[in-house]
Amino acid sequence: MTDPLSRAQLDRYRRDGCLWPVPAFDEETARGFRAEVEALEAAHAEPIGGRPLGQYFRVNGQVVLPLLCRIATVPGVLDAVEQVLGPNLLVWSVELFIKEPGTDKIVSWHQDLTYWGMGETDEELTAWIALSDVSERAGCMRFIPGSHLNPILPHADSYAADNLLSRGQSLEGVDEAAAVHGPLAPGEMSFHHGRTFHASGPNRGDDRRIGVAIRYVTPEVRQPDMGRDYAMLVRGMDRMQGWINVAPPQRAFDPAGLRLYDEILAAQAAVLAAGATGNVALYGVTAEGTMP
Ligand SMILES: O=C(O)CCC(=O)C(=O)O
């Protein structure tokens, strides 16, 4: 097997805490996955298991949607993640970040690990895969290279309606002059560390902007705020038994998957809401698919 990432790319990831573009799959495959996402949207205008589809897209989608498991286990993606995290990989959450053209949805500056209950671990990364053209105009991500060397810093909750984050959480005082854009073509991905400062602006393009964020962790992660959390083993072995292992769903929204989804959301809710100044419905979405 040829390693997908060069030595220089690995060094860049370790130095900057972010890396792009990395090929995930070809454009045709990206188009196919996008069509499957859009077929789910067309089929599920009504809530499933009492929740709108956008809720399942927003967090832990791999628990109920085989499609998201398939994307998270594409061999070329796992090969590149393995180069950074090692041979034993679990998926903690798969999430879709969709911005419709001409809307004002943004993501404020934040560090992912702030509310994940895993402490300041280096044993995780996000692979964010573009299923559409994710240009600067379409609101691609921006990163502050090297910011992963910070600890987790305080975030203020804004609960702003146009923010795709659950609490509208935001780092204050980010030096925007140091930010770099991470544009991606369909089928390309970026990697970022959970302490890297990142954000994204509105989609001013003509097409939807669709990304799949896959949160990979290793068996070594501990969940000090949570006790034990849930994750799906996707490569290698988990001898540490620190995660409650989740099996992939047999089919979309099967009853076992829906029950597990509820169980996980309830368990994670207390961690996300910790220290919140407002009322946080964990990653909750309204029927329109927007965050409350
Ligand atoms: O899609 C975006 O703009 C933000 C995604 C993000 O914050 C993340 O994947 O951690």
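Trainee: I have started at Pro21, which is found in strand β1 (residues 18-23). What kind of peptide bond joins Trp20 and Pro21?

Mentor: Keep in mind that this is a predicted model. The general idea is that most residues other than glycine have a negative phi, and most peptide bonds are trans. Here the bond between Trp20 and Pro21 is cis, with omega at about -15°.

Trainee: Next, the helices. Why is α5 described as largely enclosed by the rest of the structure?

Mentor: Helix α5 covers residues 75-85, and eight of its 11 residues are buried, so the rest of the structure largely encloses it. The buried residues are Val77, Leu78, Asp79, Ala80, Val81, Gln83, Val84 and Leu85. Just after α5 comes Gly86, with a positive phi of about 100°.

Trainee: What does Asn88 contact, leaving aside its neighbours within four places in sequence?

Mentor: Asn88 lies in the loop between α5 and β2. Its contacts beyond those neighbours are Val217, Thr218, Pro219, Arg235, Gly236 and Met237. Asn88 and Val234 are 146 residues apart along the chain, while their C-alpha atoms are separated by 7.9 Å. Asn88 has a relative accessible area of 25%, so it is partly exposed.

Trainee: How should I read Pro66 in the same terms?

Mentor: Pro66 lies in helix α4. It touches Pro249, Gln250, Arg251 and Ala252, not counting residues up to four places away in sequence. The C-alpha atoms of Pro66 and Gln241 are separated by 24 Å, and these residues are 175 apart along the chain. At 22% relative accessible area, Pro66 is partly exposed.

Trainee: Which residues of α6 are buried?

Mentor: An α-helix has 3.6 residues a turn, so residues three or four places apart point the same way. In α6 the buried residues are Gly257, Leu258, Tyr261, Ile264, Leu265, Gln268, Val271 and Leu272. They are covered by elements including α3 (53-58), β2 (89-99) and β12 (229-235).

Trainee: How far does α6 reach from its first C-alpha to its last?

Mentor: Helix α6 (residues 255-273) has 19 residues and reaches 27 Å, close to the 27 Å expected at 1.5 Å a residue. The helix also has a kink of about 30°, centred on Ala267.

Trainee: How many cavities of 30 Å³ or more are there?

Mentor: Rolling a probe the size of a water molecule over the atoms shows where empty space is left. In this model the count is three cavities of 30 Å³ or more. The largest cavity holds about 240 Å³ of space. It is lined by 22 residues, and Phe97, His110, Asp112, Leu165 and Arg215 are the closest to its centre.

Trainee: Which elements give two or more residues to the lining of the largest cavity?

Mentor: They are β2, β3 (107-110), β10 (198-200) and β11 (209-217). Strand β10 gives the largest share, three residues. By class, the lining has 10 nonpolar, seven polar and five charged residues.

Trainee: Since β10 has come up, what about Ala199?

Mentor: Ala199 lies in strand β10. Its relative accessibility is 3%, so it counts as buried. Leaving aside neighbours within four places in sequence, it is in contact with Val107, Ser108, Trp109, Cys140, Met141 and Arg142. Ala199 and Ala179 are 20 residues apart along the chain, and their C-alpha atoms are separated by 9.3 Å.

Technical notes: Residues numbered from 1 in each chain as written. Predicted model: local features only at pLDDT ≥ 70, side-chain atom pairs only at ≥ 80, totals over all residues. Heavy atoms only, no water. Helix = DSSP H or I, 4+ residues; strand = E, 2+ residues; numbered from the N terminus. Expected span 1.5 Å × (residues − 1). Bend = angle between axes of the 7 residues up to and from the residue. Buried < 20%, exposed > 50% of the residue type's maximum accessible area, 1.4 Å probe, protein only. Contact = heavy atoms within 4.5 Å. 1 Å grid on protein atoms, 1.4 Å probe; cavity = no way out; pocket = protein on both sides within 12 Å on 5 of 7 lines; lining within 4 Å. Points joined across faces, edges and corners; volume = space filled by probe spheres on them. Nonpolar A, V, L, I, M, F, W, Y, C, P; charged D, E, K, R; others polar.
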